[in-house]
Amino acid sequence: MKANGTAARHLDLALAATLFAELERRTRRDGGIVRDSYGEGEQAAHDLMREAALGLRLEPSVDAIGNLYLTLPGTDRQAPRILIGSHLDSVPQGGNFDGAAGVVAGLCALGALRAAGASLRCDVVVMAIRAEESAWFDVSYLGSGGALGLLDPACLAVRRSDTGRTLEETLTARGFDPGAIRERRALLDRRSVRAYLELHIEQGPRLAAEGAPVAVVTGIRGCKRFRNARCVGEYGHSGALPRALRHDAVAATVALLGYLEQAWSREEAAGSDLLVTTGELHTDAHAHAPSKVAGETRFSIDLRSLSIEIMERIADETRRAAVEIGRRYRVAFELGAATDSPPAIMDPGLRAALLRQLEQPLEMPSGAGHDAATFASAGIPSGMIFVRNEHGSHNPAESMALEDFAVGTRALIGLLEDFPL
Ligand SMILES: [Zn+2]
């Protein structure tokens, strides 16, 4: 089953350990890691990766919005390149591995290829991507979307959550060129990219629960969300109103969410990929009371799936159920418009080739967004590896064992040596 090539034996884990330790030393503030998008922390991480790349004799370059490219030249410099990317920013008080693990893996993979004297036909490029975490600028995939010229120029007016400075001001202050985003300039020609690969820590508990060091990602789930759903009934006295005369918004909302819960169970039993969450649910604190029938609720419904069809089917069912339950309870549901972010499916050829590199072949979907979604949506064949990680992500307790990182990085190296596309 396992077929890592010869270069995997040259993986320098001491380099990885040094880079993770140095990243932590340079970007720890108080209890957590702070690599703020287009701030000091993110820049410190970029500087470190650039230093490491020079040590490996890779060619560094930076695009107009600050993405860093570290290139191992191929024998045919014109051939479409393979990118190995991830982001170097973190959320405020985040962990050391979310994002950075992918860049370190890329560097270690290129180091191993160099040490093995392996020559690839095309360039292989580690891409240290800017600003993936929308905690700083509320823009999805700022660095990767900007590289491909996909951003709405209106995002230049978005303000950083802590400094209040706009993206335009922040880019300019860092010496980058906001004009690239304004003109939707593609800094990376998608025809020049043969494939995009990303190693990332798993942000959920599945790999730890299954006792597996890594998994190949099938795709990045999309999301369909009713952000501001509402149920409108009528307030009334809890002791004076018989059931038949009530317009009880809470009872109706519970019925609707119960319906959704059953729909989810049914889909699960049928093997559908689906997650259903109501993360917000409240009555009006100014009007509710224990002795009142509630006249209004507000709630959210968040649907996630690898399949647009499943999300649309469940959304349609929810709309129909809202009408029927609304009639039964004499209330009106206003679900509002749903916001959509489509799923991104990883390339089947890359998935199969990555699985062949693993002793314990395992696949799983990603519930969280990653830069790979930008590349896959742009039509670039993309592949992802998840590495086991304890305690979730986006917090200082993120914990990835170096041995697990090695399993994932060796799979990357093996894939590069025997590239399927
Ligand atoms: Zn991440």
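Does E317 count as buried or exposed, and at what relative accessibility? In this predicted model, E317 comes out at 11% relative accessibility, so this glutamate counts as buried, the cut-off being under 20%. E317 sits in helix α9, which spans residues 308–329. Leaving aside residues up to four places away in sequence, E317 touches Y259, A263 and R266.

Next comes the zinc site. Three residues supply the protein donors of the zinc ion: H87 and H200, each through NE2, and D98 through OD. Read along the chain, the donors of the zinc ion follow the spacing H-x10-D-x101-H. D98 belongs to the loop between β5 (81–87) and α3 (100–116), while H200 is part of strand β7 (residues 193–201), so this pair ties together parts that are 102 residues apart in sequence.

Two packed helices are described by the angle between their axes and the distance between the axes. Here, the axes of α1 (residues 13–27) and α2 (residues 40–55) come within 9 Å and cross at roughly 150°. That makes α1 roughly antiparallel to α2, and the crossing is right-handed. On the α1 side, the contact is made by L19, E22, L23, R26 and T27. These meet G41, A44, A45, D47, L48, M49, E51 and A52 in α2. Sorted by class, the contact of α1 with α2 has 7 nonpolar, 2 polar and 4 charged residues.

Methods:
Residues numbered from 1 in each chain as written. Predicted model: local features only at pLDDT ≥ 70, side-chain atom pairs only at ≥ 80, totals over all residues. Heavy atoms only, no water. Donors = N, O, S within 2.8 Å, 3.2 Å for Na, K, Ca; no water. Helix = DSSP H or I, 4+ residues; strand = E, 2+ residues; numbered from the N terminus. Axes fitted to C-alpha atoms, helices over the stretch in contact; angles between N-to-C directions. Parallel < 35°, antiparallel > 145°, perpendicular 65-115°, else oblique. Left-handed = near helix turned anticlockwise from the far one by under 90°. Contact = heavy atoms within 4.5 Å. Nonpolar A, V, L, I, M, F, W, Y, C, P; charged D, E, K, R; others polar. Buried < 20%, exposed > 50% of the residue type's maximum accessible area, 1.4 Å probe, protein only.
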